[in-house]
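Q: Could we go through this model together? I would like to discuss its pockets and a few other points.

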Amino acid sequence: MPRFAANLSMMFTEVPFLDRFDAAAQAGFTAVEFLFPYEHAAEAVGERLKRNGLTQALFNLPPGDWNAGEKGFAALPSRFSDLKASLETALPYAKATGVKRLHLMAGIANRGERVAIEAFYKSVAWAAEFFAPHGIDIVIEPINARNVPGYFLNDFGFARDLIQELRLANLKLQFDIYHCQIIHGDVTMRLREMMPIIGHIQIASIPSRNEPDGEELNYPFLFDELDRLGYAGFVGCEYNPRGKTTDGLAWFKPYAGVKS
């Protein structure tokens, strides 16, 4: 049975960020993820996790100036020094939360430019090697062009090929089903093909990015498929609730409290 992680950047936004850990635990989640923790002290985030008996499934490495539209800088040749600094920034949060996987964002860049491709390969390898001694995986995530126009990593095949070429044990694919359906479709067959390199999965309805309880995809089938494929990682609930978060959790009730 899948282990679901509430995404605290999008869910339980009825309360302040640190209080969302309590809300997620009360709703039956045993794990959480979020985009960024950096506005709060690492110790405060770790304390909320420990208090609620939660596992930190994932968070993102610093993306640059998010409010100005930056979505990472791993594919930007001129920002390699920022990339290296971002790893140092994230490390105390990784230690405080015990997280085992971090998402490295590629940034807005043209994948047709060789310098961008080379920068991305270099950044991915550097990040993976930096966190390997800490037992942490780096995951990369293809993101669709509708949500993030111009995002460098917008193809699952490219991500797969990079992972297979670099052959780093702690480099994995972040397989967001919402993004995959928009970019490519054929989600089940891609899950079957890419399962050996998948380190994290995320979900949302398509096309509205709401609760995974309808629209284009049959999520109960996909959840069963993850069991059939032997997926043992987390499934991040990266969706926008239609209303109050707890009012939209009927889909989650059969899975509440699952830890393994």
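Predicted model: local features only at pLDDT ≥ 70, side-chain atom pairs only at ≥ 80, totals over all residues.

Q: How much space lies in the largest pocket?
A: The largest pocket holds about 350 Å³ of space.

Q: And which residues are closest to its centre?
A: Phe36, Pro37, Tyr38, Glu39 and Trp66 are the closest to the centre, out of 15 residues that line the largest pocket.

Q: How does that lining divide into nonpolar, polar and charged residues?
A: The lining of the largest pocket has eight nonpolar, four polar and three charged residues.

Q: What about the second largest pocket, how much space lies there?
A: About 270 Å³ lies in the second largest pocket. Its lining has 21 residues, and those closest to the centre are Leu35, Trp66, Ile143, Arg209 and Glu238. By class, nine of the lining residues are nonpolar, seven polar and five charged.

Q: Changing topic, which residues does UniProt list for the domain?
A: In an unreviewed entry, UniProt lists residues 21-254 as "domain: Xylose isomerase-like TIM barrel". Over residues 21-254, the chain is 38% helix and 14% strand, with the end C-alpha atoms 20 Å apart.

Q: Now Glu225: where does it lie?
A: Glu225 lies in helix α8, which covers residues 219-228.

Q: Is Glu225 buried or exposed, and why?
A: Glu225 counts as buried because its relative accessibility is 2%, and the cut-off for buried is under 20%.

Q: Which residues does Glu225 touch?
A: Leaving aside residues up to four places away in sequence, Glu225 touches Thr188 and Arg192.

Terms used: Residues numbered from 1 in each chain as written. Heavy atoms only, no water. 1 Å grid on protein atoms, 1.4 Å probe; cavity = no way out; pocket = protein on both sides within 12 Å on 5 of 7 lines; lining within 4 Å. Points joined across faces, edges and corners; volume = space filled by probe spheres on them. Nonpolar A, V, L, I, M, F, W, Y, C, P; charged D, E, K, R; others polar. UniProt positions renumbered as here; feature names shortened; annotations may be inferred. Helix = DSSP H or I, 4+ residues; strand = E, 2+ residues; numbered from the N terminus. Buried < 20%, exposed > 50% of the residue type's maximum accessible area, 1.4 Å probe, protein only. Contact = heavy atoms within 4.5 Å.
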